[in-house]
Amino acid sequence: YGIKLHDGVRLETTPKSVAGRGVFANAPLSEGDVAVAIPEHCVFIEKNLSPMFPKLSAKLKRRRKRFLWFGRILRSKDDYDELVDNLWQAELTAFASASKDADHPWGEWIGQWKRDDATHSMFKRNISWKNDPEIQNTATELHRFLPRVSFNYVEAALKMRLKRYHDLKTIYKLDDSSSTADIYSTLCSRSVQLGKNIVGIIP
C-alpha cells in the first residue's frame, strides 16, 4: 500500500496507546527522521471512501444537505453549529460500517480498532442521553481520575456527547445498534484533523 516505516519504529496494537494502536520507537531516532510515511490514498477520509461506496456517499450527501437546510430553521444556532462541526462523525461511521459489512480490505483494519474506557462503555451499551443514573455512574468513575474537574462539568460533557450521537444517528438514519455505537465511539477517539474541513483516520 506504500506505507513506509523507519527501521527504528514499529506499529503496535496495544492498550498503551489511544484507541489501541500506536507508533513506538525500537531505537533512538534523530531529529528530522521520518518515523512513518503514509500515502494519502491509505487514509480513511471521505475523499477516498466516496468512490468505493458511491451509493452510500450519495445518500450521506443528501442527508447532509437536508440537515443543512432544515436544521438551520428547526434548531437553535448553537445546537445547529455544533452539529455542523461534527457531521463527519456520522458520515465516517457509516463508511466504516459499510466497509465491515462489505468485507472491504479496510474492514479487517477497522475490526482491529480498540477502545476500553468508561465513556466508551456507555456507547457500547447504547446508553441513552436521557439515562441520568448511568451517566452519573460514569461521571463518578471518570471524576476519580479528574478530581480537579467539576463533577457537574464531567456529567454535562457525557450527556452532550451522548446527545450528539443521538442527533447524528437520527439525521443520518444510522442503525440503532451497539455495533454502530461501538464504531462511532472508537472512530471519534482515533480521528485527527488533516486540513480545513478534513477529518480522518490514519492507519
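Figure 1. Glutamate 40 is partly exposed, its relative accessible area being 48%. For accessibility, buried stands for under 20% relative accessible area, exposed for over 50% and partly exposed for what lies in between (1.4 Å probe, protein chains only). The model is predicted: local features need pLDDT of at least 70 and side-chain atom pairs count only at pLDDT 80 or more, whereas totals for chains, interfaces and linings use all residues. Residues are numbered from 1 along each chain as its sequence is written, and side-chain values use heavy atoms, with hydrogens and water left out. The loop that holds glutamate 40 runs between strand 4 (36-37) and helix 1 (46-49). Helices (H or I, at least four residues) and strands (E, at least two) are DSSP runs, numbered from the N terminus. Apart from neighbours within four places in sequence, glutamate 40 contacts Ile45, Lys47 and Asn48; contact means heavy atoms within 4.5 Å. Isoleucine 202 is 162 residues from glutamate 40 in sequence, yet their C-alpha atoms are 9.0 Å apart in space.

Figure 2. Helix 4 covers residues 87-101, 15 residues in total. From first C-alpha to last, helix 4 reaches 22 Å, close to the expected 21 Å at 1.5 Å a residue. The expected span is 1.5 Å times one less than the number of residues in the helix. Helix 4 is mostly covered, with 13 of its 15 residues buried. Aspartate 103 comes after helix 4 and has a positive phi, near 55°. Aspartate 103 lies in the loop between helix 4 and helix 5 (105-111) and is exposed, at a relative accessible area of 69%.

**Figure 3. Threonine 119 in helix 6.** Helix 6 is made of residues 118-124 and includes threonine 119. With a relative accessibility of 8%, threonine 119 counts as buried. Not counting residues up to four places away in sequence, threonine 119 touches Thr138, Leu142, Leu158 and Arg161. Leu158 is also one of the buried residues of helix 8. Aspartate 103 is 16 residues from threonine 119 along the chain, and their C-alpha atoms are separated by 28 Å.

**Figure 4. Helix 8 and its cover.** Helix 8 has 22 residues. Its reach from first C-alpha to last is 32 Å, close to the 32 Å expected at 1.5 Å a residue. Among its buried residues are Val154, Leu162, Leu168 and Ile171, along with the charged-type side chains Glu155, Arg164, Asp167 and Lys169. Tyr165 and Tyr172 are buried in helix 8 too. The cover over these buried residues includes helix 2 (54-74), helix 3 (77-84), helix 4, helix 6, helix 7 (132-145) and helix 9.

Figure 5. Most residues other than glycine have a negative phi. Lysine 173 is not a glycine, but its phi is positive, about 55°. Lysine 173 sits in the loop between helix 8 (151-172) and helix 9 (178-190), and counts as exposed at 62% relative accessibility. Asparagine 197 likewise has a positive phi, near 60°. Asparagine 197 is exposed, with a relative accessible area of 72%.

**Figure 6. The whole protein chain, for orientation.** The protein chain holds 9 helices and 6 strands. Its radius of gyration is 19 Å, close to the 17 Å from the globule rule for 203 residues, so the chain is as compact as a globular protein of that length. The radius of gyration is taken over C-alpha atoms, and the globule rule is 2.2 Å times the number of residues to the power 0.38. Along its principal axes the C-alpha trace spans about 50 × 45 × 30 Å. Of the 203 residues, 38% count as buried. Among contacts between residues at least 6 apart in sequence, 61% join residues at least 24 apart.
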